[in-house]
Amino acid sequence: AANGTSAPGQTITVNIGVQQSIGPLWLAREKGWYEQAFAKVGAKVNWIEFQSGPPYFQAIASNRLDFGQVGNAPVIVGQAAGVDFKEIGITGTGRYGDAIIVPKGSHVQTLQELKGKKIAVAKGSAAYSLLYTALDKAGLKPSDVQIVPLQPNEAQPAFESGAVDAWAIWDPFITLETQQHGARVLANAKSLGVLVPGFTIVRTQFAKQHPDLVVLFLQVYQQALNWQKQHLDEAVEEYYKARKIDKSVIRTVILNSESVSAPVTPDVVASQQSTADFLYRLGELNRRIDVSAVVDNSFINKVNQSSGT
Amino acid sequence: MNPSNQDAVYPAVGMSRNAASDRAVTRLSHPRFQRAFAGRGGKLLQGASLPLVVLALWQVASSLGWAPETLLPSPVNIVRALADLVSTGELVHDIEISLLRALFGFLLGGTLGFAFGMAAGLSKHFEGFTDPTIQMVRTIPHLAITPLFILWFGLGEWSKVLLIALGAFFPLYVNTFTGIRNVDAKLFEVARILEFNRLHLVTRLMLPAALPNILLGLRLSLGVSWLGLVVAELMGSSAGVGYLIENASQFSQTSVVFVGLLIFAAVGKLSDSLVRWLERRLLRWRDSYGG
Amino acid sequence: MNPSNQDAVYPAVGMSRNAASDRAVTRLSHPRFQRAFAGRGGKLLQGASLPLVVLALWQVASSLGWAPETLLPSPVNIVRALADLVSTGELVHDIEISLLRALFGFLLGGTLGFAFGMAAGLSKHFEGFTDPTIQMVRTIPHLAITPLFILWFGLGEWSKVLLIALGAFFPLYVNTFTGIRNVDAKLFEVARILEFNRLHLVTRLMLPAALPNILLGLRLSLGVSWLGLVVAELMGSSAGVGYLIENASQFSQTSVVFVGLLIFAAVGKLSDSLVRWLERRLLRWRDSYGG
Amino acid sequence: MSAVTVELEHKSFHSEHGEVQVLRPIQLQIHPGEFVTIIGPSGCGKSTLLKILAGLDTEYRGSVWIDGQKVVRPGVQQGFVFQEHRLFPWMTVEQNIAANLSLRDPQIRAKVDQLTELVRLKGFERAYPKRLSGGMSQRVAIARALLRDPKVLLLDEPFGALDPFTRAHLQTALLEVWMRKKITMILVTHDVDEAVVLANRIVIMTPKPAAIQAVIPVDLPYPRQRVDGAFQEIRNQILRALSDQGVWTAAE
Amino acid sequence: MSAVTVELEHKSFHSEHGEVQVLRPIQLQIHPGEFVTIIGPSGCGKSTLLKILAGLDTEYRGSVWIDGQKVVRPGVQQGFVFQEHRLFPWMTVEQNIAANLSLRDPQIRAKVDQLTELVRLKGFERAYPKRLSGGMSQRVAIARALLRDPKVLLLDEPFGALDPFTRAHLQTALLEVWMRKKITMILVTHDVDEAVVLANRIVIMTPKPAAIQAVIPVDLPYPRQRVDGAFQEIRNQILRALSDQGVWTAAE
Ligand SMILES: Nc1ncnc2c1ncn2[C@@H]1O[C@H](COP(=O)(O)OP(=O)(O)OP(=O)(O)O)[C@@H](O)[C@H]1O
Ligand SMILES: Nc1ncnc2c1ncn2[C@@H]1O[C@H](COP(=O)(O)OP(=O)(O)OP(=O)(O)O)[C@@H](O)[C@H]1O
Ligand SMILES: [Mg+2]
Ligand SMILES: [Mg+2]
């Protein structure tokens, strides 16, 4: 058993949610690093795959999931829905990971020129909040453009066939479209000077019962992150084996994602709060939330201390 | 043989050939139920009893905190969300739009399904050429071909209506086809003797004979059309019940999702009842087992 | 009446009551087709002709660059992707897992649908209590209730199988029910005279009489089970054909998506052909229109 | 050996076009083991009456008793040969005869074989109804009813589709079964000769709404000879009664 | 007024259990406007023969000509009254009679009304088949065939389910139509009297596989009297021919 709360001889199963994305967590899964590390403390690992952010929170609410990594918008929605989880670190600040892109040959050069245009976006995604922030910064009201709610696989044909004029989307689509079809990035978090962080989350009850496992989780993640940085070519090769998409695309995506494992900084909290408020104003959230309520940096701090020593 | 057992298997002592003996069925069997479930209102009550029980249990479970509100909101909260949506007029608009889409899709797909089913039923050659392809297309998931629909038909109403039509096509196709192939060969011989022309062959023999199956296909097709909205309205809509659900679930507004489900269930049941009513009217000539 | 017209409406000069006259149908009508589409292989060729034409046009369109490769990959590329997936053994594994899920879901839902359809068909009271609820549940979209399935049954195989079962339930339910209610009242009278017990009433009257409809329900249920994978495998799976499609579309691997669609179509068609074969065997006693 | 008592007051059918009376009051006392034939104009209500006696139709005023017990539902005690043969199309000839009984039971098997022989369908045991001629189907239906040794056997024009010789053969066979098993027989026929050949009493029905017009006893010994003078006398009596009904264009 | 020439060599049915021969070579020359009745044992192949004549069954060796034209498909020229009535259950009586013809056409309307009267179904025009008795259904089928003025009318036991008087009435009516319209009639019956009352020639079939055993000409003037000596002579001749067939247990 990992700690005093569970009886000896009883093995704990840790449920980790993962997406088929390009990132260290996926690498760690492929390499079996979590299994190795958790076996040492007598815990088993159960990987659960998700196709998008919201189901993570359904699974947490059903006590079926313990860990996961999701984007900035899903955590806000999850918190507003009253799901009991904690953000225990960020996985990146998303300077390039989300963007508003326009197709090759588009005359749109500035955000202002989006006025009256059709923009595809998956509602409730990180790109969604980025889009609204961008519009806001450009002095446009949401009603000045036509928002077309589309999931990526529907948005792609709409974008490529010219049915929409712009697309607020994440990687690998940004890289795919820019590298292979000559699309252009109109704005991203960096150009807008905002944050679109990703988070590592844990089910609160689990964190209370097994705090040491939470630390261990972050430690393994850090290792994976380090490995990816040091063996970039090998990592690209791994992803390529699984995904079969252009290696240069993969490389760009890895570099764009700027993966980290870091505490949730006040900057991040502030950016999250403004996104939450903004979603509330849009009527998409039915209550106002305090995003700092789900932040818990104690675990990541412990990891950093131990690796620091 | 145990007579009380027999009573259950043969609820009607007389066959229900007409209204009078239909009444007799109720009168003669299960006298216990007679008072509670007699007549039209009684039938309604009978049908509603199961949902009401479930609803009550659900509310109790919610009140006791057994069901997490995020995933399964209490009936009271769902009603509250319903009232909210109705008061803004949003819901009525959503339903209107969705009904129109489903209707057009159903009309298009259903009509084609019926026509192809007829043609394939009537001609072995038509069947040989088209049926294998149709059966292949039948099990292609809608969710996976929406990109193609967007590519070909854009983001407007057309692609939604066509996607719904695609779904509505198959049940009517298969049922019409089977209905035709169930037509009694003896009656077909009569039609040949009387030299029915194409039109009469269809309208006076095949259609009425296949009607029970066609109406069944109609029921299934209507259901599928209605369900098709969920996927169709993923394609860039900003109104409709499917959109309502999709949007609410992106933002974890579970009680709104349930309002959407409620509407799906209600409209589904209504359209089904409509076809059943039609069935009773159109198949009066039948002499078949009444249950 | 124009005799050549008549020929088209009445493709068979003799009714196809047995093998001999079946052969006659082919012999006597449309002699042009005789050579090309005679026999078993011919039927295959006939059915494949439409898909082959589409495929050829598609390849031409792709080669000429009319279809964007990211959205509609050329057949050649799809085959290449297929070969890749097969060579790693991944695809076989995916198909295996999906087949098992669909099969279990179908068995569970289909059996229940059949049983409920039987019960509701046989008893007006059972119908009165359960049918309205079932008809309501029928049009509740799966996509929207997956969270509840996760809550109740977790993310394992159970919730997937149950979701598929839910879909498989309805076509068999509705078809069995309708089949029973189509049973000739005259034959039911005979069963009453001969004092059929419950078992025999079902096995020797209702079941065989409703068989054409039940088999139709089987076909539809199998199709729905198979299609249900797409939604079911959204719930935390890491293998399966539905997963394959979903996952590939996340990375815009369109040719892999099409491999998935291909498999959906192929398995769907296969299972359908199986039931049709069963149909031919089990319904040999019928004397009905042969097309 | 069962007595049948019929005390019918009224029977009508309801349709969209209103109520149609089919039977007027009918009193009839059939003795245990009696052979009664019913004869009457087409559409007068003979089949309806038989269904009431069988317990298949309970939508009427009045009562029917068999051995003092009120008939409320059908059953094997009241065997029935329907006017249309009503075979189960998915069963072969022998399966149709056995129906809900098991052909693997050697006793049933033997009886079924015997009956197939009796109705001259040897060689067709495994044939489905769609391969049978009209008369052959009718014979299967007769065998099916005979297998069950009912107390009362109701026969609705059982020999209508048979040629004279097969018909005569089956009439003889039926009489033999009747005498051996003492089944009470009620048989509807349109053949006056047949009525006289078989019956202890002949019931003549009026046109719709049907009532009993006359009951003619036949006190001739079996087997009966059609050329016999007494036979001819009864025959003519029946024809006279039928032609009295007024609605008939005397064509003979 | 159409001549029918039958030159059948062989007819058999195929089933799982192999081939069953039903018809042996049959040569028959029917004169224009002749009335032929066919009589033969149950299951011998009479209905099969009629279906071949109608063009419904083309799976045989040999040929059938009507007025020198080979019969290859069915049609209104060869009217058919089936052994079972085969009404369309979704059509009312008058719709069944009209079938594919329009009741709104005043000429059709008048003819349909006339025929409903003829078959004594006035008052049942709007009834569905499930509300008809056996005999009533059969009469609808007869009316349906008569409406179309075929050149050749094939009747498969058309009066089997009718009481003697309705039967006699319809026999008279059929003879009248025959004389007026000069339709060539081919009628299958099990009633020897009926065969003699109606026919110019009577064809007697052997048991299966059927061939023509005898053709008996009837040279009596219409309407024929059953009590007539010549009538009785022919009647007995037929019965003798039938009982010669050996398979029969002489029961009369
Ligand atoms: N289900 C029904 N609904 C309405 N009327 C009916 C129904 N069944 C029978 N009838 C009517 O009842 C009358 C008597 O029918 P029944 O079948 O008893 O006649 P039947 O004496 O047996 O005649 P047949 O000798 O022609 O068989 C007929 O006029 C018929 O139209
Ligand atoms: N579709 C079929 N398949 C196989 N055998 C058949 C088929 N139809 C008829 N038969 C056989 O052909 C023979 C003749 O049948 P048919 O119906 O012509 O007899 P029928 O002379 O009209 O007899 P009935 O007087 O009893 O009506 C029968 O032995 C029957 O079993
Ligand atoms: Mg009758
Ligand atoms: Mg016949």
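Which helices of chain D and chain E each supply at least two residues of the shell around ligand 1? In this predicted model, they are α1 (46-54) of chain D together with α4 (134-146) of chain E.

## The site of ligand 1

The shell around ligand 1 is made of 21 residues, and the closest are D:Lys46, D:Ser47, D:Thr48, E:Arg131 and E:Ser133. Because the residues that surround ligand 1 come from chains B, D and E, the site is shared between chains. Sorted by class, this shell holds 5 nonpolar, 10 polar and 6 charged residues.

Several atoms of chain D approach the oxygen atoms of the ligand. A polar side-chain atom of D:Thr48 lies 2.5 Å from an oxygen atom of ligand 1, while for D:Gly43 a backbone N or O atom is found 2.7 Å from an oxygen atom of ligand 1. D:His190 also takes part, with a polar side-chain atom 3.2 Å from an oxygen atom of ligand 1. Taken alone, ligand 1 exposes 630 Å², and the protein buries 95% of that area.

## The site of ligand 2

Ligand 2 is surrounded by 21 residues, of which the closest are D:Arg131, D:Ser133, E:Lys46, E:Ser47 and E:Thr48. Here the surrounding residues belong to chains C, D and E, so this site, too, is shared between chains. In the shell around ligand 2 there are 5 nonpolar, 10 polar and 6 charged residues.

| Residue | Part of the residue | Distance to an oxygen atom of ligand 2 |
|---|---|---|
| E:Thr48 | polar side-chain atom | 2.5 Å |
| E:Ser47 | N or O atom in the side chain | 2.6 Å |
| E:Cys44 | polar backbone atom | 3.2 Å |

When ligand 2 is taken alone it exposes 630 Å², and 95% of that is buried by the protein. The elements that give two or more residues to the shell around ligand 2 are α4 (134-146) of chain D together with α1 of chain E.

Which protein donors does the magnesium ion (ligand 4) have? They are E:Ser47, through its OG atom, and E:Gln83, through its OE1 atom, and they lie 1.9 to 2.2 Å from the ion. This pair links distant parts of the chain, as E:Ser47 sits in helix α1 (residues 46-54) of chain E and E:Gln83 in the loop between β7 (78-81) and α2 (93-98), 36 residues apart. E:Gln83 is buried because its relative accessible area is 16%, which is under the 20% cut-off. E:Ser47, with a relative accessible area of 21%, is partly exposed.

In the loop between β4 (35-39) and α1 of chain E lies E:Ser42, whose side chain makes a polar contact of 2.6 Å with the side chain of D:Arg139. With a relative accessibility of 14%, E:Ser42 counts as buried.

## Chain B

Chain B has 13 helices and 0 strands, and 59% of its 291 residues count as buried. According to an unreviewed UniProt entry, the annotation "transmembrane region" covers residues 102-123, 135-155, 161-180, 201-220, 226-245 and 257-278 of chain B. Two of these annotated spans can be described from the model. Residues 135-155 of chain B are 76% helix and 0% strand, with their end C-alpha atoms 27 Å apart. Residues 226-245 of chain B are 60% helix and 0% strand, and there the end C-alpha atoms are 14 Å apart.

## Backbone details

Is the peptide bond from A:Asp171 to A:Pro172 cis or trans? This bond is cis, with omega near 10°, and A:Pro172 is placed in the loop between β8 (166-170) and α7 (173-181) of chain A. In chain E, the peptide bond from E:Lys208 to E:Pro209 is cis with omega near -10°, and E:Pro209 is found in the loop between β10 (201-205) and β11 (212-217).

A:Asn63 is not a glycine, yet it has a positive phi of about 60°; this residue lies in the loop between α3 (54-61) and β3 (67-70) of chain A, and at 52% relative accessibility A:Asn63 counts as exposed. B:Glu195, a residue other than glycine, has a positive phi near 55°. The place of B:Glu195 is the loop between α10 (185-193) and α11 (198-232) of chain B, where B:Glu195 is partly exposed with a relative accessible area of 24%.

Note on methods: Residues numbered from 1 in each chain as written. Chains lettered and ligands numbered in written order. Predicted model: local features only at pLDDT ≥ 70, side-chain atom pairs only at ≥ 80, totals over all residues. Heavy atoms only, no water. UniProt positions renumbered as here; feature names shortened; annotations may be inferred. Helix = DSSP H or I, 4+ residues; strand = E, 2+ residues; numbered from the N terminus. Near = heavy atom within 4 Å. Polar contact = N/O pair within 3.5 Å; in protein donor to acceptor, adjacent residues only side chain to side chain. Areas by Shrake-Rupley, 256 points an atom, 1.4 Å probe, with all protein chains shown as cover. Nonpolar A, V, L, I, M, F, W, Y, C, P; charged D, E, K, R; others polar. Donors = N, O, S within 2.8 Å, 3.2 Å for Na, K, Ca; no water. Buried < 20%, exposed > 50% of the residue type's maximum accessible area, 1.4 Å probe, protein only.
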